[in-house]
Amino acid sequence: MASDEMIKVVGDRFCVPYTMELLVKKKIQSFSNSHYDVFDTTGNILLQVDGGIWNLQKKRVMKDPAGLPVVTLREKIFQQAISWKQEWQMHEGESRHCLCSVKRSGGFNIKSNLDVHLASPYKDAACDFRVTGSLASLSIKVRRGKSIIAEVTHSYTWGSYKGKECFKIKVYPEVDYAFIVALLVIMHENDNA
C-alpha cells in the first residue's frame with residue numbers, strides 16, 4: 001500500500017502499524033446459523049461473527065472477544081427485489097448509525113465485485129473502496145483507488161464440503177481489519193446467495 005494514511009471505517013482500534021495476517025474459520029452451526037471466528041497468527045481470537053443463513057432479513061453481528069457488538073451487517077432485501085444488485089449496510093455496533101453501504105457492482109457476473117460507499121451527506125457517485133475477485137476464484141482484493149489495502153485467499157478442503165471453510169487475510173498497515181473482515185463476510189454471503 002502506497003499511503004501512510006490510516007483507513008478506519010469501524011474504528012481506529014482495529015488499525016495496526018504493521019501488516020496483519022488473519023485466519024478466518026467459518027462453520028455452519030445449524031440449518032439457519034453460520035459462525036465466523038477470526039484469529040491472529042498466534043491463535044488469539046480477535047473477532048466473531050454470527051448470523052442466520054436463511055432469515056427473512058439477513059443480519060450478521062460482529063463481536064469483539066469480550067462479546068461486545070462491533071458492527072452489524074444488514075442486507076437490504078427490498079432493494080434486492082427491485083434490482084439484481086445485492087446491497088448491504090454496515091452499522092456501528094447494533095445501532096442504526098450507518099458506516100457504509102456495500103453493493104454488488106453488476107448483476108449476474110462470475111466475479112461478484114463489490115462497491116463500497118462510505119456514509120456521508122456530501123458523497124458523489126464514485127465508490128470509496130472496491131472489492132474485486134470472488135471466493136470461487138479462491139481470492140479477492142480490497143482496493144482504495146489503485147492501491148491494494150487487503151488480500152483474501154480461500155482454501156478449499158474436504159471440510160469445505162462439510163460446512164467448514166478457512167480464509168487467510170493479509171491486511172496492510174493502518175487499515176481497519178474489522179472492516180476487511182466485514183467485507184469478506186458480505187462477499188461470502190453474496191457468493192452463496
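Mentor: Helices (H or I, at least four residues) and strands (E, at least two) are DSSP runs, numbered from the N terminus. Read along the sequence, these elements follow the pattern β-β-β-β-β-α-β-β-β-β-β-β-β-α, which amounts to 2 helices and 12 strands. The model is a predicted one, in which local features need pLDDT of at least 70 and side-chain atom pairs count only at pLDDT 80 or more, whereas totals for chains, interfaces and linings use all residues. Residues are numbered from 1 along each chain as its sequence is written, and side-chain values use heavy atoms, with hydrogens and water left out.

Trainee: Why does E165 count as buried?
Mentor: Buried means under 20% relative accessible area, exposed over 50%, and partly exposed in between (1.4 Å probe, protein chains only). E165 has 14% relative accessibility, so this residue counts as buried. E165 is found in strand β12, residues 164-171.

Trainee: Which side chains make polar contacts with the side chain of E165?
Mentor: A polar contact is a pair of N or O atoms within 3.5 Å; within protein, one must be able to donate a hydrogen and the other to accept it, and residues adjacent in sequence count only if both atoms are side-chain atoms. The side chain of E165 makes such a contact with the side chain of H154 at 2.8 Å, and another, of 3.2 Å, joins the side chains of E165 and H188.

Trainee: Which residues does K170 touch, not counting those up to four places away in sequence?
Mentor: Contact means heavy atoms within 4.5 Å, and with that exclusion K170 touches T19, M20, E21, I149, A150 and E151. K170 and M20 are 150 residues apart in sequence, yet 5.8 Å apart in space, C-alpha to C-alpha.

Trainee: What makes a set of residues a nonpolar core?
Mentor: The set must consist of buried Ala, Val, Leu, Ile, Met, Phe, Trp, Tyr and Cys residues joined through side-chain atoms within 4.5 Å. The largest such core here has 46 residues, and L22, I169 and F179 are among those with the most contacts inside it. Helix α2 gives the most to this core, with 11 residues.
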